[in-house]
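Open your viewer and get ready to click along. We'll take in the whole chain, then zoom in on one strand and its partners.

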Amino acid sequence: MTWFDETQTPDFVAAREHVLGEVVTFARRLRRHGLSVPANAALSATEALCAVGLSDRDGVRAATHATLVADARDTETFEAHFPEFWYRLRTGLEATATSDDVGDRSNTGAFYGAEVDGGVADELTATADADGDVGGGGDAGGDDETVYERRLVDHDADAAVDGTGERSRASTYSAGGAGTAVEDETTGRTLDRNALTRFQQALSSLAGRRWTADDGRRIDARRALRSSVGTGGAVVSLPTRDRKPTAFRACLLVDVSQSVLDTVDRGFLLSVLDALVAEGRGVRVFFFDTDVREVTDVFTNSRGDPAAALERAEVAWGGGTRIGDAVTELRRRWPDAVDRRTVTLVVSDGLDVGEVDELERGMSWLSGRSRAVVWLNPLAASAKYEPTCRGMAASLPYVDGLFAFAGSEDLAEVARQLSRHGPRGPIGYEHDFRDRTVAEEVA
């Protein structure tokens, strides 16, 4: 059986979008039915489909099963939902061979500042990146989750149009636009000092290798075995130990592109940075968008008002995003900012317009040189978030933990997971079991 009339020429771009959208939707559906699907499994499944082709049902089934199912006991659930996935995949590809009802997908001008149907093309670009670096996204995914992903925590989205019908600056995302001066921001979120303290304590426990033997939470097997020698091999008690906290050292790489500023509370972000610089040891802060610059001294001299200090220092933010170039520049100009005692904190939504190879090389260096790499993503505050945009997907293998970053409660959750499991344990947004649907509805 053929998928389409061979006399028709399929729209390759539309077919690519359709396949990627259906794979992401299938992975989400499996998660909703209890399967533990890895965060990057949708990309792995798409790559597997590229290798086996899309014409054979058994080949597609084997490729998706191998990449999306981690436990053999979940095969029955996978088999129950695969027929629907196969039907949607097949019928969608047939449609791409006959018509393209979503417009001219090859119009790359729409992604670099051109006006589209009276709207702002920058917003379309942001949606495309969040959907896995594909354009438009119209009918490809089959549901609204793909389009919704980019604006998960953008609580200004519905209020972004003023009385004249014009969209405000704060609601648009520019892939390579110019930055604007930092203005004194009033924050809608207050920083919980208890959550911040727990976060700092978690960071301090990562840097040291020394242990304390008093009232720890982990069993000290060596001491237990040594003490059993005097009792004929019988373990009478189980001594405990824990990491000895030290002053934390951190390197903060903060994405100040427009897409991040649209989704994170700016006052909250600056308050966190200011507190970490004031209370840590050797904490350094770097802002990056299409360029990277160190602003540690600005926070050191901020006197509790980082927004005003940045404004006085004429620091600009709000441009595009080139994460790989920023890490490469950090390695070239400030290699001493990161070492084996330093925890690297990356604050970014992962929407990158730079070269993926450059990003992978930079993250590989950062991962090998840091004590741990913790990624704080404002978009991960939503229960529907998936790291499918190309920048986040390329960085994920080199990150110890990807967490939400929208408020003090997220800092407390990062602290809880790091304190309990450490940087090499099962940590990240996928292990955040809080009910975040109510918070999303309020936002």
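In the protein chain, what share of the contacts with a separation of 6 or more comes from residues 24 or more positions apart? It's 77%, where a contact means heavy atoms within 4.5 Å.

A quick note before you click: this is a predicted model, with local features needing pLDDT of at least 70 and side-chain atom pairs counting only at pLDDT 80 or more, while totals for chains, interfaces and linings use all residues. Residues are numbered from 1 along each chain as its sequence is written, and side-chain values use heavy atoms, leaving out hydrogens and water.

Of its 443 residues, 51% are buried (under 20% relative accessible area, with exposed over 50% and partly exposed in between, using a 1.4 Å probe and protein chains only).

Next, select residues 284-288, which is strand E8. Five of its five residues are buried. Show the side chains: Arg284, Phe286 and Phe288 sit on one side, Val285 and Phe287 on the other. In a regular strand, side chains alternate between the two faces of the sheet.

Look for Cys251 opposite Arg284.

Last stop: residues 292-294, strand E9, joined antiparallel to E8 by three bridges. Here Phe288 has Val292 as its bridge partner. Three residues lie between E8 and E9 in this hairpin.

Methods: Helices (H or I, at least four residues) and strands (E, at least two) are DSSP runs, numbered from the N terminus. Two strands pair if DSSP finds at least two bridges between them.
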